[in-house]
Structures are given as C-alpha cells and as structure tokens.
Amino acid sequence: TIAGIKGFISSLLQPAERHHGLFFRYKPVGDVIFLHYTKSCPSPSSSSDNKTNYSNGSSSSSSSPPRSSRWEQAKEEMRRFMMPLGKLKGHYTLLVRSCSLLFVRGFCGFPAQFFMFKVLQERYGYSTLEVTAITIGGGMLSIFAYVSAGKISDRVGRRPVLSVVYATYFLSLLLFYNSSGGAFTVMSWVVFAASMFGLDVLNNAIVSEIFPTMARATASTISVVVGVVGTICGVVTEGLIFGHYTRSHWASTSYVALPGFACVGLVWLLPEPAFQSLDGDG
C-alpha cells in the first residue's frame, strides 16, 4: 500500500512540478515522502546542487536570499519610505516656516487648554453643573466661530483672519487666567474656546494649501508632528516654572503663553493661498 502511494505521488509530482506559481520537489526517505517548494524551476544541471539534506528528521535549505539581496531590499524600502520627502524639494523654507508657526502655537497655547476646565472649578469656584452650562454655551459659539472663520478667510484671505484670531486667542487666554471671576471670566473663557476652534480650521487650511499637491499631505503631517512636539515642550516648561518659581498653574500658564503673540507675525511669513488655485503644483 505504501509503495502504491509513493508511486502515485511520484507520477503526479515530477522533480519540479509547478502548482499555483510554486515549484515542488519530493525526496523519498524510507516510507515517507518529503515535499518542499522553490520559487523558480531548477535546471537539470543544478538539481544536484539544490538537493535538500535531511538528517535525524530535520531539514536545512539553502534557498534563503543572499546577504547582498537583503541589503538591496532594505535600501529599496528606505528609498520608498523617504520618497515623499523628496517631493518637498524646493519647499523646505516654507516647511520650516509652517512648522515654526505650529510649534509656537502648541508650545504657548496648549498648556492653557489643558487647564481651561480645571481653573473654572478650582480657582473661580464654579460647580460641575455651572461648568457644564458654560461649556455648552461656549460650544455653541465655537461652532459658529468654526464655520465663520473659514468663510471669512475665503473672502478676505487666510493671513489677515488668522492673525486676528491668534491675537484674540492669546489675549482672551491671558484675560481668563488672570481675571477676578464673575461674568468677565465666563465671557473671556467663551471667547478663548471659540478662537481655539477657529485656529484649528485656519491652521489646517493654510498649512495644507501653501504646498503643491504632490507634497501637501507630507508637509501637513510633518507640521502637525512638530506642533505636537511643541505642545509637549510647552507642558514640560509650564511644569518647570510651576515647580521652581510660581507654585501656581495659572501664573505659570500665563508666562508660557506670552511668547504666543509671535504667531501674529509668523503668519505673515507664509504665502497667501486663499485666492489661488490648488490644482497646480506651484
């Protein structure tokens, strides 16, 4: 019976039989037939060099790619990974400017956003229900600001609107963190939240629109990553100022936010994309 099975398999599988793009070989050892495959059909002259050695029930194959081939594959993968950066050639100065804008915005603004709810309760004494009501009111105004920022910038340009929103953002931030409570605190918080959402719209728009189509996604991603790094640096700086000098998150947050007014000027280092077509690569 075993001899019959061996003969049947031997008649189906020649020394190199193609099946679904792979070439199979067989090696009878006693009553067992071992099968393995190779990606290319071996030539008759080299069949003796490509035999599989079997000993003690284990096998070792010499079909692994040579070291030079693995090195070439690694270089090809690295080339493909770095290809998007090559599309930015000629636009590195523009990338540095946009990254600088988002770094300063993250460094100076996001630490204050982390404490914007905490300060309402711990410093100004608002209850959880009152904070919820303020958040709902601010959220409704933020939706209006979110939509209006984009529409206005389409008419008068990205840079003028973005510079005004940046100035409003940091001014309302400082007023909120250094007010004495009451209605003024609530209004400054609402304006701070609304301008925060407006910045998200305008920053995303201007950073993506100033780059050519082939490099737009790569440039936007790099700028966002740099903004996240700026946020981390800002939070660490706020913590250091709190621990070594002020012992007050509200004061240290205000100190970190002061350089943020530089964003008003950094905006004007970028080209105006509002009145240009985005279909070209220029």
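Of the protein's 282 residues, 37% count as buried. Keep in mind that this is a predicted model.

Me: What does the secondary structure come to?
Reply: The protein has 10 helices and 5 strands.

Me: What makes up the largest nonpolar core?
Reply: The core has 48 residues. The members that touch the most others are Leu101, Leu162, Tyr166, Phe170, Leu173, Tyr177 and Trp189. Helices α3, α4, α5, α6, α7, α8, α9 and α10 each supply at least two residues. The biggest giver is α6, with 10 residues.

Me: Which residues does Leu162 contact once its neighbours within four places in sequence are set aside?
Reply: Leu162 is in contact with Leu101, Leu199, Leu202, Asn203, Ile206 and Val267.

Me: Why is α7 called largely enclosed?
Reply: Count its residues: 19 of the 27 are buried, so α7 is largely enclosed by the rest of the structure.

Me: How do you know that the span of α7 agrees with what its residues should give?
Reply: At 1.5 Å a residue, its 27 residues should span 39 Å. The end C-alpha atoms of α7 are 39 Å apart, so the two agree.

Me: Why is the Asp200 and Arg105 pair called a salt bridge?
Reply: The cut-off is 4 Å between a side-chain nitrogen of Lys or Arg and a carboxyl oxygen of Asp or Glu. For Asp200 and Arg105 the closest N and O atoms are 3.7 Å apart, so the pair passes. Asp200 sits in α7 and Arg105 in α3, so the bridge ties together parts that are 95 residues apart in sequence.

Me: How many salt bridges does a search of the whole structure find?
Reply: The search finds 5. Another one of them joins Glu209 and Arg158, at 3.0 Å from N to O. Glu209 lies in α7 and Arg158 in α6, so this pair ties together parts that are 51 residues apart in sequence.

Me: Why is Glu209 called buried, and why Arg158?
Reply: The limit is under 20%. Glu209 has a relative accessible area of 16%, so it is buried. Arg158 comes to 8% relative accessibility, so it counts as buried too.

Me: What makes Arg159 and Glu272 a salt bridge?
Reply: Their side chains meet at 3.7 Å, N to O, and the limit is within 4 Å. Arg159 lies in α6 and Glu272 in the segment after α10, so the pair ties together parts that are 113 residues apart in sequence. Arg159, at 19% relative accessibility, counts as buried. Glu272, at 15%, counts as buried as well.

Me: Which residues do salt bridges with shared partners join into one network?
Reply: The network consists of Asp154, Arg158 and Glu209.

Me: Why is Phe242 called partly exposed?
Reply: Phe242, a residue of helix α8, has 21% relative accessibility. Buried needs under 20% and exposed needs over 50%, so Phe242 lands in between.

Me: Where is Ser252 relative to Phe242, in sequence and in space?
Reply: They are 10 residues apart in sequence and 5.6 Å apart in space, C-alpha to C-alpha. Leaving aside neighbours within four places in sequence, Phe242 is in contact with Arg247, Ser248, His249 and Ser252.

Me: Why is Ser220 called buried?
Reply: Ser220 is also found in α8. At 18% relative accessibility, Ser220 is under the 20% limit and so counts as buried. Beyond its neighbours within four places in sequence, Ser220 is in contact with Val207 and Ser208.

Me: What makes up the nonpolar patch on the surface?
Reply: Leu171, Leu175, Phe184, Tyr255, Leu258 and Phe261 form the patch, with about 580 Å² of accessible area together. Tyr255 belongs to helix α9. The protein exposes about 16500 Å², and carbon and sulfur atoms supply 64% of that.

Conventions
Residues are numbered from 1 along each chain as its sequence is written. This is a predicted model: local features need pLDDT of at least 70, side-chain atom pairs count only at pLDDT 80 or more; totals for chains, interfaces and linings use all residues. Side-chain values use heavy atoms; hydrogens and water are left out. Helices (H or I, at least four residues) and strands (E, at least two) are DSSP runs, numbered from the N terminus. Buried means under 20% relative accessible area, exposed over 50%, partly exposed in between (1.4 Å probe, protein chains only). Accessible areas come from the Shrake-Rupley method with a 1.4 Å probe; for residues, only the protein chains shown count as cover. Patches are made of residues with over 30% relative accessible area and no salt bridge: like charges are joined within 9 Å, nonpolar side chains (Val, Leu, Ile, Met, Phe, Trp, Tyr) within 5 Å. A nonpolar core is a set of buried Ala, Val, Leu, Ile, Met, Phe, Trp, Tyr and Cys residues joined through side-chain atoms within 4.5 Å. Contact means heavy atoms within 4.5 Å. The expected span of a helix is 1.5 Å times one less than its number of residues.
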